[in-house]
Amino acid sequence: MSNEDIMWLFGLFVAVPLIEIALFIQVGGLIGLWPTLAVVVITAILGTWLVRAQGAQALQELKQSFNDLRDPSEPLAHGAMILFSGALLLTPGFFTDAVGFALLIPPVRKTVFNFLRQRIHVQSFEVHGSRPPHRRDGRGPVIEGDYADITPPEGGKPGNSGWTRH
């Protein structure tokens, strides 16, 4: 990490609590202490319910991308953003709730994903074990396997495996 990255993170760790404190003071002054606390609890409950629903959908999309042998980076990123939004929604505060609810909106997640995709370069992606490899001559799939010779020994009765009594 560069010094610039560290300073950016430090600024974030200082700014977010200050923003939350200011918002609590403003909202608490407008609607009172108990309604403010009720709003925080209700948003946590609603956020948890939304995260569960959208998380299940993201997991289904991830499974489908694996089944279709597609690049799973977008469903993985959506799942990570949903998980992060859940953490933000469980954190008491109005600013973190706003960011958490925003990350539950699919077009917002898509925009964030596209922003990140422009800055991250994936060099390769491979899937193994889902489908058998094809022959180079195009004659169909190569199916690997083991075999055992079950020819009866000399003098043995054909059809007698030894597992049954006669």
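**Close-up views of the chain**

**View 1. M1 and its contacts.** Apart from neighbours within four places in sequence, M1 is in contact (heavy atoms within 4.5 Å) with I6 and L9. M1 belongs to the segment before α1; helices (H or I, at least four residues) and strands (E, at least two) are DSSP runs, numbered from the N terminus. With a relative accessibility of 75%, M1 counts as exposed; here buried means under 20% relative accessible area, exposed over 50%, and partly exposed in between (1.4 Å probe, protein chains only). The model is predicted: local features need pLDDT of at least 70 and side-chain atom pairs count only at pLDDT 80 or more, while totals for chains, interfaces and linings use all residues. Residues are numbered from 1 along each chain as its sequence is written, and side-chain values use heavy atoms, with hydrogens and water left out.

**View 2. The whole chain, built from helices.** The chain has five helices and zero strands, in the order α-α-α-α-α along the sequence. Of its 166 residues, 19% are buried. The accessible surface of the chain is about 13400 Å² (Shrake-Rupley method with a 1.4 Å probe; for residues, only the protein chains shown count as cover), and carbon and sulfur atoms account for 65% of this surface. Among contacts between residues at least 6 apart in sequence, 56% join residues at least 24 apart.

**View 3. A nonpolar patch on the surface.** The patch is formed by M7, F10, V14, L18, I21 and I25, which together have about 630 Å² of accessible area. Patches are made of residues with over 30% relative accessible area and no salt bridge; like charges are joined within 9 Å, and nonpolar side chains (Val, Leu, Ile, Met, Phe, Trp, Tyr) within 5 Å. One member of the patch, L18, sits in helix α1, which covers residues 3–31. L18 counts as exposed because its relative accessible area is 54%. An α-helix has 3.6 residues a turn, so residues three or four places apart point the same way.

**View 4. Helix α2 and what covers it.** Helix α2 takes in residues 33–67. Its 35 residues should span 51 Å at 1.5 Å a residue, and its end C-alpha atoms are 51 Å apart, so the two values agree; the expected span is 1.5 Å times one less than the number of residues. The buried residues of α2 are T36, V40, T43, A44, G47, V51, Q54, A58, L62 and S65. Their cover includes α1, α3 (73–90), α4 (94–103) and α5 (106–119). W49 is also in α2, but W49 counts as exposed, at 58% relative accessibility. Although W49 and G86 are 37 residues apart in sequence, their C-alpha atoms are 9.4 Å apart in space.

**View 5. D97, a buried charge in helix α4.** D97 lies in α4, whose buried residues are F94, T96, D97, G100 and L103. These buried residues pack against α1, α2, α3 and α5. D97 has no salt bridge, and the nearest side chain of opposite charge, R109, is 15 Å away. Lys and Arg count as positive and Asp and Glu as negative; His and the chain ends are not counted. Neighbours within four places aside, D97 is in contact with T43, L88, L89 and T91.

View 6. L69 is in the loop between α2 and α3. L69 is not a glycine, yet its phi is positive, at about 55°. The relative accessible area of L69 is 29%, so L69 is partly exposed. R70 forms a salt bridge with D68; the term stands for a side-chain nitrogen of Lys or Arg within 4 Å of a carboxyl oxygen of Asp or Glu. The closest N and O atoms of this pair are 3.6 Å apart. R70 is partly exposed, at 40% relative accessible area, and D68 is partly exposed, at 38%.

**View 7. A salt bridge between two helices.** The count of salt bridges comes to two. One of them joins the side chains of K110 and E74, at 2.8 Å from N to O. This pair links distant parts of the chain: K110 is in helix α5 and E74 in helix α3, 36 residues apart. K110 is partly exposed, with a relative accessible area of 36%, and E74 counts as partly exposed at 24%.
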